[in-house]
Amino acid sequence: MATIFCDTDCELWYTKANALGLEVIRMPYIIDGEEHLSDLGEDFDPKAFYDRMRAGASATTAGLNEETYYDTFKPFFENGDDILYIAFSSKMSNTFEPLGRAIDRLKAEYPNVKYRRFDTYSICVGAGMLVYLGAKYCREHNDDIDATYAYLEQIVNRVGVFFVVEDMKYLARGGRISPAKAKIANLMNIKPVLIVKDGVIDVGSKQNGLKKAYNYIIDQLVQSYEQIGDSPIMIIDADNKPAADEIEKRVKEALPKAPVWRQPVGPVIGVHAGPGTVGLVFTKKS
């Protein structure tokens, strides 16, 4: 049986990760100086977390070091497993440099082990969608990680990620935009619709107010949605249930046969997006 790894930046809900038999690399986040490891929602209270952010708590993220990666992967190299790591975008973190060094050491020690890392060029449930589809494909195809890698290459550009942040200051804190631009956007009620493009977060559209921004992402879904296998439409929110409820209602009206999943935005992504964020992730036409 192949061992399939994902990381918690993919935000695939823990029950689904468990059902697929995934090994999960827990990525760290820090709030008010205390480090935690994200757990795909198993022991995460989104309201409490986002209330702390609203109250001014300092929050940031961190990468893992080489030894942590080495210790994580070593038992599976020792066991001689085929290993496939379906990872979040390499363009969004320097954590893959120590990962690479750890894997190089393990390959030297266990040269007959097959290891592959697939870069989803995405994050949050954009990466989670590919983890879900890739892991299902692998389990249904005799745990062939080479065939799974090829399958993921075919669909990697067919995942749409759209999200709207309520307050731009959190993106500014994380260095995604300048503080001046964040202040001006908030004052003018400009709500950028953020997308993931070529492995990085980019502005897909600028809308005047949240209502128009939500309308825009729903329009994008309706225009371009196409199911791959049993891929769902994922609606995520950072403690913004009213907005997510309304989006879900409209999505089900527009696409009544499509499966819809709901879940919160986890802490590693939420640190940068901030409370109130709402997102839509789905597979789209090629």
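This is a predicted model: local features need pLDDT of at least 70, side-chain atom pairs count only at pLDDT 80 or more; totals for chains, interfaces and linings use all residues.
Which residues in helix 5 meet helix 6, and which residues of helix 6 do they meet?

**View 1. Packing of helix 5 against helix 6.** In helix 5, the residues in contact are L130, L133, G134, Y137 and C138, and they meet I145, A147, T148, Y151, L152 and I155 of helix 6. By class, this contact comprises nine nonpolar and two polar residues, with no charged residues. Helix 5 spans residues 125-140 and helix 6 spans residues 145-155; the two pack at an angle of about 145°, and their axes are 9 Å apart. The crossing of helix 5 past helix 6 is right-handed.

**View 2. Packing of helix 3 against helix 4.** Helix 3 (residues 66-78) packs with helix 4 (residues 96-109) at an angle of about 35°, with 8 Å between their axes. Helix 3 passes helix 4 in a right-handed crossing. On the helix 3 side, the contact is formed by E66, E67, Y69, Y70, F73, K74 and F77. Their counterparts in helix 4 are P98, L99, R101, A102, I103, R105, L106, K107 and E109. The residues of this contact divide into nine nonpolar and seven charged, with no polar residues.

View 3. Strand 1 (residues 3-7) and strand 2 run parallel and are joined by three bridges; F5 stands opposite E23 of strand 2.

View 4. Strand 3 (residues 28-31) is joined to strand 4 by four bridges, and the two strands run antiparallel. Y29 has H36 of strand 4 as its bridge partner.

**View 5. The second largest pocket.** This pocket has a volume of about 320 Å³. It is lined by 18 residues, of which N157, V159, V196, K197 and K284 are the closest to the centre. The elements giving two or more residues to the lining are strand 8 (159-164), strand 9 (190-197) and helix 9 (210-224). Strand 8 provides the largest share, four residues. By class, the lining of the pocket holds eight nonpolar, seven polar and three charged residues.

**View 6. The largest cavity.** The structure holds one cavity of 30 Å³ or more. About 70 Å³ of space lies in the largest cavity. Its lining consists of T8, E11, W13, S38, L40, G41, F44, Q263, P264, V265, G266 and P267. These lining residues divide into six nonpolar, five polar and one charged.

Notes: Residues are numbered from 1 along each chain as its sequence is written. Side-chain values use heavy atoms; hydrogens and water are left out. On a 1 Å grid over the protein atoms alone, a cavity is a set of points where a 1.4 Å probe fits but cannot get out, and a pocket is an open set with protein on both sides within 12 Å along at least five of seven lines; lining residues have an atom within 4 Å of a point. Grid points are joined across faces, edges and corners, and a volume is the space filled by probe spheres set on the points. Ala, Val, Leu, Ile, Met, Phe, Trp, Tyr, Cys and Pro count as nonpolar, Asp, Glu, Lys and Arg as charged, and the others, Gly among them, as polar. Axes are lines fitted to C-alpha atoms, for helices over the stretch in contact, and angles run from 0 to 180 degrees between N-to-C directions. A crossing is left-handed if the near helix is turned anticlockwise from the far one by less than a right angle, and right-handed if clockwise. Contact means heavy atoms within 4.5 Å. Two strands pair if DSSP finds at least two bridges between them.
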